[in-house]
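This report describes a single protein chain through its sheet pairing, its helix packing, its nonpolar cores and its aromatic contacts. The structure is shown first, and the description follows.

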Amino acid sequence: MTDAELVGLLRDTESDRVERKASLSDREKIREAICAFANDLPNHGKPGVIFVGVRDNGDCANLTITDELLRTLADMRGDGNILPFPTMTVEKRTLDGCEMAVVIVYPSDDPPVRCRGRVWVRIGPRRAIATAEEERRLSEKRLSKAVTFDIRPAPGARLEDLDLEMFRRVYLPAAVGEETVAQNVRRVEDQLAALRLAIPGSDGHPTNLGVLVVGKSPRQHLPGAYVQFVRYDGTNVTEPIKDEKELDGPIPELVACLEEIFKAHISVSLNVNTGPVAVEKPDYPIVALRQIAMNAILHRTYEGTNAPVRIHWFADRVEILSPGGPYGQVTRETFGRPGVTDYRNPHLAEAMKHLNFVQRFGIGIELARRELRKNGNPELEFQVEDTYVLAVLRRAQ
């Protein structure tokens, strides 16, 4: 890093990429800071910096930077207390006229990183021990750099667990085009593998993607792979239930069932204030419901949970809950912001695009917002937590 970059960080007392230490008196805190920067929970993708010889307020501590001090810092990388080994550099620098040791810690490709068995993360200006959910998010970061969940082998699944007729009739022509299908003389096992629905060289062992897209019974292998729909006769869950369904099956069937349910439950009124011809006005635009439901199915976590996507339809609102919090570069703060998107299940996203359930990547929320405004509904609301995302669509008046 250049001196200018380091001075900028040194002066920024609010940055969560900076730790300042006046001396080496508390070496354990420095190890914890190295661990936290290596984990990069905020997903900056940039190094964190520890300035040794600087007070918390940024003033110079006038610490003598000796070769022994630099060796002590460098030895923290390989002394076995921080695992896996962090990638870091230790240098003597003079910044703003102050001599100091600068430890630059790069985000790990293999999180979570532990210091003496504990996972440390940076939360704003302070360090903390990671929660179980934060550890899961760090593990997902590691897996995202390797093989994503959707193209890993589906546990216990075999070729006969896939609906090969649906694959040939629905998915194959959608994914590769009619001409290519007509010329394709490969075995079905090879065709499945080419589209990531099966593991290459396994004679058709399905991936999680294969089970979700063309599986005969996805829930048999991924217990949370279904949608729970409940219609309440009131505004809270204590009211009588008017309708209740569990929707499962491969993605094409699941989406078709959702479409039928939305059409059945949308109420349409006549707006006579629009001129000589009355205009029909639904209480919810079906496009908005469809987009948020597709987002929930696509972006949810299928791993480590038996929870379904939940759609609760009340008298005044529809709530759609997706298991799994923000992923990758998407955070609580950036969720729903145009242009900020990431994919926990990137190959499922590709499959849903092939099936025309997703028109363009990254615009579902904006499209839902636009349709709600056009229809006169209140603004779309989100509650974003570490373990779920809840979307609230309020009824048009």
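## Sheet, cores and ring contacts

In this predicted model, strands E2 and E5 are paired in the antiparallel sense, with 5 bridges between them. One of the residue pairs concerned is Ile 50 with Val 103, the latter being its bridge partner in E5. Val 103 of E5 is also the bridge partner of Val 90. Strand E5 (residues 98-106) runs antiparallel to E4 as well, and 9 bridges join the two. Across from Met 100 in E5 stands Arg 93. E4 and E5 make up a hairpin with 2 residues between them, and Asp 96 in the turn has a positive phi of about 55 degrees. Of the 9 residues of E5, 7 are buried, which leaves the strand mostly covered.

These pairings belong to an open sheet of 4 strands, ordered E1-E2-E5-E4, with mixed pairing. Its edges are strand E1 (18-21) and strand E4 (87-95), each of which pairs on one side only. On average, neighbouring strands of the sheet are turned by 20 degrees against each other, direction ignored.

Two helices are placed against the sheet. Helix H2 (residues 27-39) lies across E1, strand E2 (48-52), E4 and E5, and runs at about 160 degrees to E2. Helix H3 (residues 67-75) packs on the sheet with contacts to E2, E4 and E5, and its direction makes about 155 degrees with that of E4.

The largest nonpolar core comprises 61 residues, and Tyr 171 and Ile 297 have the most contacts inside it. Helix H11 (residues 286-299) gives the most to this core, contributing 8 residues. When neighbours within four places in sequence are left aside, Ile 297 is in contact with Val 227, Ile 251, Leu 254, Leu 258, Tyr 302, Val 309, Leu 348 and Met 352. Another core, of 23 residues, lies apart from it; Ala 33, Phe 37, Ala 38 and Trp 120 are among its members.

The structure holds 4 aromatic pairs. Two of them are set out below.

| Pair | Centre to centre | Angle between planes | Arrangement |
|---|---|---|---|
| Tyr 232 and Phe 314 | 5.0 Å | 10 degrees | stacked |
| Phe 335 and Phe 382 | 5.0 Å | 70 degrees | edge-to-face |

Tyr 232 is in strand E9 (residues 227-232), whereas Phe 314 is in the loop between strand E13 (309-313) and strand E14 (317-323), so this pair ties together parts that are 82 residues apart in sequence. Tyr 232 counts as buried because its relative accessibility is 8%, under the 20% limit. Phe 314, at 2% relative accessibility, is likewise buried.

Phe 382 is partly exposed at 26% relative accessibility.

Ring pairs also join Phe 229, Tyr 284 and Trp 313 into a cluster.

Terms used
Residues are numbered from 1 along each chain as its sequence is written. This is a predicted model: local features need pLDDT of at least 70, side-chain atom pairs count only at pLDDT 80 or more; totals for chains, interfaces and linings use all residues. Side-chain values use heavy atoms; hydrogens and water are left out. Two strands pair if DSSP finds at least two bridges between them. Axes are lines fitted to C-alpha atoms, for helices over the stretch in contact, and angles run from 0 to 180 degrees between N-to-C directions. Contact means heavy atoms within 4.5 Å. A nonpolar core is a set of buried Ala, Val, Leu, Ile, Met, Phe, Trp, Tyr and Cys residues joined through side-chain atoms within 4.5 Å. Buried means under 20% relative accessible area, exposed over 50%, partly exposed in between (1.4 Å probe, protein chains only). Rings of Phe, Tyr and Trp (its six-membered ring) pair if their centres lie within 6.5 Å; planes under 30 degrees apart count as stacked, over 60 as edge-to-face and the rest as tilted.
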